[in-house]
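Please read the briefing below alongside the sequence and the coordinates.

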Amino acid sequence: MVPTLVIGLREGLEAALIVGIIAAFLREQGRRDLLRAVLAGVGAAVLLCLGLGLALQAYSRSLPQKQQEGLETVVGALAVVMVTYMVIWMRRHSRELKGSLEGQAAGALAAGAGSRAGAALVLMAFLAVIREGFETVVFLLAAFQKPGSGSAAGLGAVAGLAVAVGLGYGVYRGGVRLNLSKFFRATGLVLVVVASGLVVNCLHTAHEAGWLDAGQAGTFDLTWLVRPGSVQSSLLTGMLGLQPRPVLVELVGWLVYLVPVGLFVAWPPAARTSPRVQLRAALAAGVAIALAAGLLTLGITRRTEPDAAAAPVTGTTIAGRVVTVTVTAAHGCVPDTTSLRAGGVTVKIRNVDATAVTEVEVMDGERILGEKENLPPGFSGRFAMRLDAGTYTLYCPGATPERRALSVTGTTTVVADAGVAALLAQAGTGYADYVRTQTAALVTAAERLAATLRGTDLAAAQRAYIAARPYYERIEPVAESFVVGTDSIDVDLDARDGDVPPASWRGFHRIEKALFARQTLAGTRAYGTRLVADAQRLAALTATLTYAPTELANGAQELLDEVAASKITGEEERYSRIDMLDVADNVQGAQQAFSRLRPALQRIDPALATTITTGFDALDREIARLRTDANPSGYLLYGQLDAGVKRALAAAVKAVQEPLSRVASKVADA
Amino acid sequence: MPSGSSRRTFLTAALGTAGAVATGGAGFGVARATEPGPAPAGAVVGFYGAHQAGIATSAQEHLAFAAFDVTTGSADELARLLGTWAAAAAQLTKGRPVGAVETAPDAPPIDTGEVEGLGAAQLTITVGFGPTLFDDRFGLASRRPAALAEIPALPGDTLDPARSGGDLCVQACADDPQVAFHTMRNFARLARGTAVLRWSQLGFGRTASTSTAQDTPRNLMGFKDGTNNIKAEEPHDLARHVWVGDETDQAWLRGGSYLVARRIRMLIESWDTAALAEQERVLGRAKGTGAPLGERREFDPLDLTATKAGMPLIDRTAHIRLAAPATNAGRKLLRRGYSYTDGIDASTGLLDAGLFFLAYQNDPVSQFVAIQRRLARHDALNEYIRHTGSALFAVPPGLSGPGDWWGRDLFG
């Protein structure tokens, strides 16, 4: 809470002071008319900054785990640069701030009379708030991404901003006189400490993004002093920005930033020598620390190397967060360490010569946490996931031996994962909603079709048939699952001529044959009524249904099987020839099921998730080529397809089917 | 579409509670077929070596040949496919399944499984690169050997584009047809999303002998063809006519070869109504013994000057004369063809059968193209055959060991 409060107060105050001074100046000049415009400019700037913050946050959420870490690193680094620049700049210019501002305002007012002068001042206030606001947003965003933040951090930011606005108002009223120099030095010091915490956080996220692997050896362990989760621990990480068990590169980064910049800012004004000397002293301190850190690195690396090669020793070994796995035919999967530190762990793999091994997984019990496929001999790869303390299995199917234990110690220093299990639960709920909307629409469309069958307009009935099909094709596997004895709702709704004895044949295709082959409405009325009843039965049966993740995966797969087995061959819509409409809706249904699994799969196997998404995109492009406005269905009729088109479509379907077939096992025990 | 869709069961059990049933308790990886152990008994041809197996290897009885079009635009994905194929080939040629034996209940088995227990059956897997692979997609344009140019149109060609060309080829030869087919099937599966089958050809009986230990087989015309083929025991001939040497403009191909594939349909119904004397005149050999006309045994030397009653014993247009190295400036091919049939021609009811001609050489321009151009103009056999498919591939050298893969020098 404290760091965000300081950020809010400090950044807010800068903007509030500028606006306050401009406002006070305007009052003195007797231009109160312009005050409202200035405030409007301020409001617009605040809204813009808020929007930017929300957009950045949303964009970050939409990214896969690894890219999210990358974005956090960039935002964090930006924040560190900004705060450093700002602290140093303010330190130098705080005294002249008021005078120079008033000079500028007077200049602006003098430059032109009336509306142009007003516009200049409004712009000044707007720009001041935008600049500070942008800094605040980036800075707060970075601070929010730090561990342990949450509502307290938000509260801190709001409180800080409120105090700042209050002070700004005080300046405006003329009742508040601040020793700006002292104020900025004190808050500047706090900010330097906060920024050094951001440096540590940046280095951490950079590692998780896969950009930084050096210096991941452990250093010291303060967990005996500050128990994880305790108040002291929050103080240590929240205020000082240091973790109880920093890895080497984090400790070095923290020191290299904190000491020189802190010295520069804290230097008492009385003892102020020339800025050049100060800068030199600070640089010298930085270099000295960097050298010391380098030596420390060497020492630690030397010390841990034999440990890593030896048998797993937990407790005494200082664990890092990178494990390099070498796969050979002779020794199977060999990790260079079996002891890891909790948090974002990176597994790097190189397959030397194991021809039977093409993938490596990390499992918690029987649940896959992360994996990399397509690793034949001669190729390398990597994957990352978050691990809490515990014992895991490094699993290399086909290797001898196949399984090795990995032990992870320490506490996770990151905000708790939303959880793959929670994401999968959401997937089931989301898909259930989707099925309900489709069955409801199916009932409505069946009712419309039944109504046209009672009328005399053949063309209208044909259009109603075409309009009803998509709702069924999108969720067909759900209907196929209802087989009770010899009664199958899929057969009732969707049997083709010859699938069942002629006496019991009803459903869509019976109507289709009359409408499109025999071109008549005669005798269809009863089938329309039955169709509505069957659709209602399906809606009732699915109303309370829930779905397991494997069912979503298999359902998506089954829809693609439909496409490959009976749609591309033109066996489904024998009379209306609208098979390509069915294809589009089968694929859409499959995408709906998959898209709900995707957030979880993104965590488990991002490469596979990407492959399938790319495959669906390519398939969509193939389907788009089949569109035409010339037909009521919106798609080419089956007879209008040439062999090349069918072949390309089939290949695009297979390119999704193959990776999709691997999804069920990944979400099975998660 | 309700019929027979029980392969996967979506919502296996009753409402609501179905979820856990499908997977619950089964866990991951409990159903293990066999531990990876020693290869099953069965003849194994070594996969690694200076040259790819399947060229100078004694011709096996069956063939499954596949040409692929690469669909990805990514050189890295293509490289990974070739690496994955190399790993799979190393497994399959030892009689082992592709990838791990692991079978997870919720995932399709990695290997399709139909050759379990059949052994290696002398399986060889040979991979080649078509001219189209060296276009601008993968940055390989500068690595294309000059000799890897599309085969020019030759007189009498009736080529079907759908049976010609391809970015990649895979030749799988084995003594068991299922073992050969299994390779094509699993390679196509491993390629999903990266490459698609363009065309394929099964061959059911070898028509060439590539070893002195093998008899010369008969082709579907009932004749021994290829008696004077290059044999594995003739290293000098292999070096001179088959393996690409230092003369190549592309170092990566050194130790490799060029493969010409031609689908040659025989009009066997017409052939079967030709008199024996006509058949022997066309081929230039005796049908029974396989000996050149005028000689007594199959391997008797060919005497192209022999005459009878002022007429040449071997007709001027006889296949054996026009194809003989002596009339082709000494040029020879290593032939490795197979008989094929693809059922009947639906429009005529005639059998679609013939020879799937495969020939290895180190210079397709002066070897296959030159010889075929001559044959296509004058060969008496032309009356009974049609060339319906054609492709040329550069076949890279053999892989040095696990971790090496086809084209590593190209992509590395």
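Predicted model: local features only at pLDDT ≥ 70, side-chain atom pairs only at ≥ 80, totals over all residues.

Residues are numbered from 1 along each chain as its sequence is written, and chains are lettered from A and ligands numbered from 1 in the order in which they are written. Chain A contains 21 helices and eleven strands; helices (H or I, at least four residues) and strands (E, at least two) are DSSP runs numbered from the N terminus.

**Chain A overall**

- Of the 670 residues in chain A, 48% count as buried. A residue is buried if 20 or more other C-beta atoms lie within 10 Å of its own, exposed if 12 or fewer, and partly exposed in between, with C-beta atoms placed from the backbone.
- Among contacts in chain A between residues at least 6 apart in sequence, 75% link residues at least 24 apart. Two residues are in contact if their C-beta atoms, placed from the backbone, lie within 7 Å.

**Contact between chains A and B**

- Chain A brings 53 residues into contact with 42 residues of chain B.
- On the side of chain A that touches chain B, at least two residues each come from α13 (476-480), α14 (489-494), α17 (549-567), α19 (606-624), α20 (643-660) and α21 (663-668) of chain A.
- α17(A) gives the most to this side, with eight residues.
- The residues on this side of chain A comprise 20 nonpolar, 19 polar and 14 charged. Here Ala, Val, Leu, Ile, Met, Phe, Trp, Tyr, Cys and Pro count as nonpolar, Asp, Glu, Lys and Arg as charged, and the others, Gly among them, as polar.

**Helix α12 of chain A**

- Helix α12 (residues 458-474) of chain A has 17 residues and spans 26 Å from its first C-alpha to its last, close to the 24 Å expected at 1.5 Å a residue. The expected span is 1.5 Å times one less than the number of residues.
- Twelve of the 17 residues of α12(A) are buried, so this helix is largely enclosed by the rest of the structure. Among them are A:Tyr465, A:Ile466, A:Arg469, A:Glu473 and A:Arg474.
- The buried residues of α12(A) pack against α11 (420-454), α13, α14, α15 (508-517) and α18 (579-604) of chain A.

**Packing of α12(A) on α15(A)**

- The two helices α12(A) and α15(A) pack at an angle of about 150°, their axes 10 Å apart. This makes α12(A) roughly antiparallel to α15(A), a term for angles over 145 degrees.
- Axes are lines fitted to C-alpha atoms, for helices over the stretch in contact, and angles run from 0 to 180 degrees between N-to-C directions.
- α12(A) contributes A:Leu458, A:Ala461, A:Gln462, A:Tyr465 and A:Arg469 to the contact, and α15(A) contributes A:Phe508, A:Ile511, A:Glu512, A:Leu515 and A:Phe516.
- Seven residues of this contact are nonpolar, one is polar and two are charged.

**Backbone details**

- A:Thr400 and A:Pro401 are joined by a cis peptide bond, with omega about -5°. A:Pro401 lies in the loop between β8 (390-395) and β9 (403-409) of chain A.
- B:Gln122 has phi near 60°, a positive value in a residue other than glycine. B:Gln122 sits in the loop between β3 (102-103) and β4 (124-129) of chain B, and counts as buried because it has 24 C-beta neighbours inside 10 Å.
- B:Ala309 has phi near 55°, a positive value in a residue other than glycine. B:Ala309 belongs to the loop between β9 (307-308) and β10 (311-312) of chain B, and counts as exposed because it has 5 C-beta neighbours inside 10 Å.

Definitions and conventions: Parallel < 35°, antiparallel > 145°, perpendicular 65-115°, else oblique.
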